[in-house]
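Subject: Structure for you to look at, with notes

Dear colleague,

I am handing over the structure below, together with an account of what was found in it. Please read the notes with the coordinates open beside them.

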Amino acid sequence: PVEAFERVNPLLRTLGSAGALASLLASAAEPRTPLRGELGVHKRVAWTSRLDLEEVRGVGKQLGGTINDVLNTAMAGALRRYLLKFGTPPATLGLRAAMPVNLRPLAEMAAMGNRFGLMFLRMPVGIADPVARLEEFRRRSAALKRSAEPLVVFSLLQAAGYLPEFIHSIMLAIFGTKATAVFTNVPGPKQTLYFAGQAITDFYFWVPQAGHLGLGVSILSYRGGVRMGVGTDAGLIPDPERIIDGFHAEFEALSKAAARR
């Protein structure tokens, strides 16, 4: 997608970037929910059981989605379940997740340094039916991947390194109103790794939250399995294990729907 965008006529590329930036800046601030608020120092973490990667892939194949679609749809459902204890979320409720997008061309994969943008995906948290939620998540994700938004954010992050500190604060404040959480996906090694002669049986990781975001969700695969980790601000979400319980319930519902098909 990066190479394809860079081959586009420069005028069209500029117009596409300007349109994506205008759309991002003009988008409404996140709705007020118990998942957003003033952040403190203390954090909480929780993690899912290890899921078989082929099982997740099979669920996605039956329902018309990718591994990432299935896992993030289940997590969106878990957030819906968590919010239910504060009142029923409206069907139209969407919470944006800031998702890092790799922008490094395949020919430069061995190069040092980071090269990623962000896309702000509005997750369909309000949709109760898990299959309908997956279909909507897939539609929104595909539309964002075709847009210039990740490249625009990458350019802004690059430019920030040359700007005064007060500009950083302004940018952080703007982006902080556009998301409720950070979602990231890291494909890990497919083979067993060893440390000091001992096999590493599993990995756990939690994405750090930046700015005013108190919720981070991470996906990490390793040697045929995958886990999701949830890191939260303790003042906002003191019980992330409830989100994990909701995730497993939502994944089971997707699995049953896939089996019926």
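Helix α4 (residues 67-84) has 18 residues and spans 26 Å from its first C-alpha to its last, close to the 26 Å expected at 1.5 Å a residue, where the expected span is 1.5 Å times one less than the number of residues. Of those 18 residues, 15 are buried, so that α4 is mostly covered; buried means under 20% relative accessible area, exposed over 50%, and partly exposed in between, with a 1.4 Å probe and protein chains only.

Some notes on conventions: this is a predicted model, in which local features need pLDDT of at least 70 and side-chain atom pairs count only at pLDDT 80 or more, while totals for chains, interfaces and linings use all residues. Residues are numbered from 1 along each chain as its sequence is written, and side-chain values use heavy atoms, with hydrogens and water left out.

The chain as a whole has eight helices and nine strands, which are DSSP runs numbered from the N terminus (helices H or I of at least four residues, strands E of at least two). Buried residues make up 44% of its 261 residues. Among contacts (heavy atoms within 4.5 Å) between residues at least 6 apart in sequence, 72% join residues at least 24 apart.

Turning to charged pairs, a search of the whole structure finds twelve salt bridges, each being a side-chain nitrogen of Lys or Arg within 4 Å of a carboxyl oxygen of Asp or Glu. One of them pairs R96 with E30, with the closest N and O atoms 3.2 Å apart; R96 sits in strand β3 (residues 95-102) and E30 in the loop between α2 (10-26) and β1 (43-47), so the pair links distant parts of the chain, 66 residues apart. Both R96 and E30 are buried. Another salt bridge joins K43 and D233 at 3.4 Å, N to O, and this pair connects strand β1 with strand β9 (residues 225-233) across 190 residues. Here K43 counts as partly exposed at 41% relative accessibility, whereas D233, at 1%, counts as buried.

Among the aromatic side chains, the structure holds five pairs; rings of Phe, Tyr and Trp (its six-membered ring) pair if their centres lie within 6.5 Å, and planes under 30 degrees apart count as stacked, over 60 as edge-to-face and the rest as tilted. The rings of W47 and W206 have centres 5.8 Å apart and planes at 65°, which makes the pair edge-to-face. Because W47 lies in strand β1 and W206 in the loop between β7 and β8, the pair ties together parts that are 159 residues apart in sequence. W47 is partly exposed, with a relative accessible area of 43%, and W206 is also partly exposed, at 30%. The rings of F247 and F251, by contrast, are stacked, with centres 6.4 Å apart and planes at 10°; these two residues are four apart in helix α8 (residues 240-260) and therefore separated by about one helical turn. F247 is buried at 0% relative accessible area, and F251 is buried at 6%.

Finally, ring pairs link W47, Y204 and W206 into a cluster.

With best wishes
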